[in-house]
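Thanks for passing this one along. I had a look through it and jotted down a few points for you.

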Amino acid sequence: MAELESAPPQIEPENNLSSLIYDISNEAQAIMENMLKTITEINQNSAVIEEEIEKSKSTALERKRTLDEEKDHFQKAAYAVLDMLNRD
């Protein structure tokens with residue numbers, strides 16, 4: 001009878017170990033799914049940010065061109081005024 005009583009405790013730890021491994025596996029899978037969702041969200045936000053940066057660069061370059069053109073016009077006007085003043 002001693003052998004019958006000692007057999008179930010050996011099975012019990014195996015079941016507990018299997019249950020523990022199963023639970024850890026499920027937790028690891030849930031964590032990985034959450035990480036994947038987070039990575040996807042980061043990638044989407046990154047794409048939006050990069051798009052905004054490109055728009056800002058484009059706007060800044062256009063503004064620079066406009067300012068350069070205005071500067072050229074003012075310089076030409078200033079030189080024209082100086083030239084007229086030097087003639088007198």
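Here are my notes, starting with the overall fold and moving on to the side chains.

1. First, a reminder that this is a predicted model. The fold is quick to describe: the protein has one helix and zero strands. Helix 1 covers residues 2–87, and the protein has 88 residues.

2. Buried residues come to 0% of the 88 residues, where buried would require under 20% relative accessible area. The accessible surface of the protein is about 8,400 Å², and carbon and sulfur atoms account for 60% of that.

3. What sits on the nonpolar side of things? There is a nonpolar surface patch of about 540 Å², and its members are Tyr79, Val81, Leu82, Met84 and Leu85. As for where this falls in the fold, Met84 belongs to helix 1.

4. Now the charges. Side chains of opposite charge can pair when their charged atoms come close. In this model you'll find six salt bridges, and the next points go through several of them.

5. Take Lys57 and Glu54. Their side chains form a salt bridge, at 3.6 Å from N to O. Both residues are in helix 1, three residues apart, or about one turn of the helix.

6. Arg65 and Glu62 make another pair. The closest N and O atoms of this salt bridge are 2.9 Å apart. How far apart are Arg65 and Glu62 in helix 1? They are three residues apart, so about one helical turn separates them. Arg65 is partly exposed at a relative accessible area of 47%, and Glu62 is also partly exposed, at 44%.

7. Towards the end of the numbering, Asp83 and Arg87 form a salt bridge, with the closest N and O atoms 3.0 Å apart. The two residues lie four residues apart in helix 1, again about one turn of the helix. Is Arg87 buried or exposed? Arg87 is exposed, because its relative accessible area of 64% is over the 50% cut-off. Asp83, in contrast, counts as partly exposed, with 38% relative accessibility.

8. One last thing to look at on your screen: Glu51, Glu52 and Lys55 are joined in a network of salt bridges.

Key. Residues are numbered from 1 along each chain as its sequence is written. This is a predicted model: local features need pLDDT of at least 70, side-chain atom pairs count only at pLDDT 80 or more; totals for chains, interfaces and linings use all residues. Side-chain values use heavy atoms; hydrogens and water are left out. Patches are made of residues with over 30% relative accessible area and no salt bridge: like charges are joined within 9 Å, nonpolar side chains (Val, Leu, Ile, Met, Phe, Trp, Tyr) within 5 Å. Accessible areas come from the Shrake-Rupley method with a 1.4 Å probe; for residues, only the protein chains shown count as cover. A salt bridge is a side-chain nitrogen of Lys or Arg within 4 Å of a carboxyl oxygen of Asp or Glu. Buried means under 20% relative accessible area, exposed over 50%, partly exposed in between (1.4 Å probe, protein chains only).
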